[in-house]
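Visitor: I am new to this structure and would like to learn how to read its side chains. Please show it to me and take the features one at a time.

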Amino acid sequence: MRAFLLAAGKGSRISKNIPDIPKSALDIHGEALILRTVKMLLANGIDVTVITGYRYRCIERLLCGYPVELINNPFYDVTNSIGSLWMARKSLTGEEDCIVANADVFWSQDILNFVLQQDKDVFLLSDKTRRENGDYFFNTENGVITAYGKDLDYEHRTCEYVGIAFIGKSVVPDFKRKLNALVDTQNHNLWWENALYEMTKERDIYAVDIEGRFWAEIDFIEDYQRIIDYVEGHHEV
């Protein structure tokens, strides 16, 4: 299995509240968020590819000495995350299952275990408790994604997207074709997930609820504080 961590973005919404570093480099009780995630994945025998961009040398320093593949997206400021994952396309071999995650998401071994226990060959993690104040939403029917978007009407929201997805090796070739097709047609402004959304026209793509497990994606300073409070409260320092 290989995990792809997307760490190229600047994080404009939180940038005024934090040092001039990538969001994933923020300290969580003495250890950068991205380093915590990398160490968790490696401890589970999962190979790791990290795609950097903004302040990439900061990430490189944090991960120095760890057996990870580092790929830099020098165009991070003119592409969305689809450009970053496209930069790592050679590592999407179709010979191994893949996890793709935003590097500014705090998640735990409990969530990783949950991902590894699923029997679906492609899915995105979701949280049905975050329909009102989330950032990006899905509508689902029997767990299958039928609509998606930041501005999805409340009555059509089933859950919020967590920022972590699983793509089984049997699905990777088709996913990679969709990814390449979007980039080839100059859709650089899209998220990488749009390649999966394109696939919903042809097959079931699932949203799997994480069932009350704690997670947080750092978009605002309040998200960062939630992580700090959680780690302190659960003695994960």
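Visitor: How many salt bridges does the count come to?

Guide: A salt bridge is a side-chain nitrogen of Lys or Arg within 4 Å of a carboxyl oxygen of Asp or Glu. By this rule the count is 15. The model is a predicted one, in which local features need pLDDT of at least 70 and side-chain atom pairs count only at pLDDT 80 or more, while totals for chains, interfaces and linings use all residues. Residues are numbered from 1 along each chain as its sequence is written, and side-chain values use heavy atoms, with hydrogens and water left out.

Visitor: Which residue meets Lys39 in a salt bridge?

Guide: Glu31 does, at 2.7 Å from N to O. Lys39 is partly exposed, with a relative accessible area of 35%; buried means under 20% relative accessible area, exposed over 50%, and partly exposed in between (1.4 Å probe, protein chains only). Glu198 and Lys201 form another bridge, their closest N and O atoms 3.2 Å apart. Of these two, Glu198 is partly exposed at 27%, and Lys201 is exposed at 62%. Glu211 bridges to Arg213 with the closest N and O atoms 3.7 Å apart, and Glu211 is exposed at 55%.

Visitor: Which residues are linked in a network of salt bridges?

Guide: Arg2, Asp47, Glu69 and Glu96 are linked in this way.

Visitor: How many disulfides are there?

Guide: A disulfide is a pair of cysteine sulfur atoms within 2.5 Å, and the count by this rule is 0. For Cys64, the closest cysteine sulfur is in Cys58, 13 Å away, which is too far for a bond. Cys64 is exposed, at 60% relative accessibility, whereas Cys98 is buried, at 1%.

Visitor: How is a pair of aromatic rings described?

Guide: By the distance of the centres and the angle of the planes. Rings of Phe, Tyr and Trp (its six-membered ring) pair if their centres lie within 6.5 Å; planes under 30 degrees apart count as stacked, over 60 as edge-to-face and the rest as tilted. A search of the whole structure gives 12 aromatic pairs. In one of them, the ring centres of Tyr136 and Trp191 are 5.5 Å apart and the planes stand at 75 degrees, so this pair is edge-to-face. Tyr136 is in the loop between β6 (122-127) and β7 (137-141), and Trp191 is in the loop between α5 (172-184) and α6 (194-199), so the pair ties together parts 55 residues apart in sequence. Helices (H or I, at least four residues) and strands (E, at least two) are DSSP runs, numbered from the N terminus.

Visitor: What should I know about nonpolar cores? 

Guide: In soluble globular proteins, nonpolar side chains tend to be buried together. A nonpolar core is a set of buried Ala, Val, Leu, Ile, Met, Phe, Trp, Tyr and Cys residues joined through side-chain atoms within 4.5 Å. The largest one here has 34 residues, and those with the most contacts inside it include Leu5, Ile34 and Trp107. The helix α1 gives the most to this core, with 5 residues.
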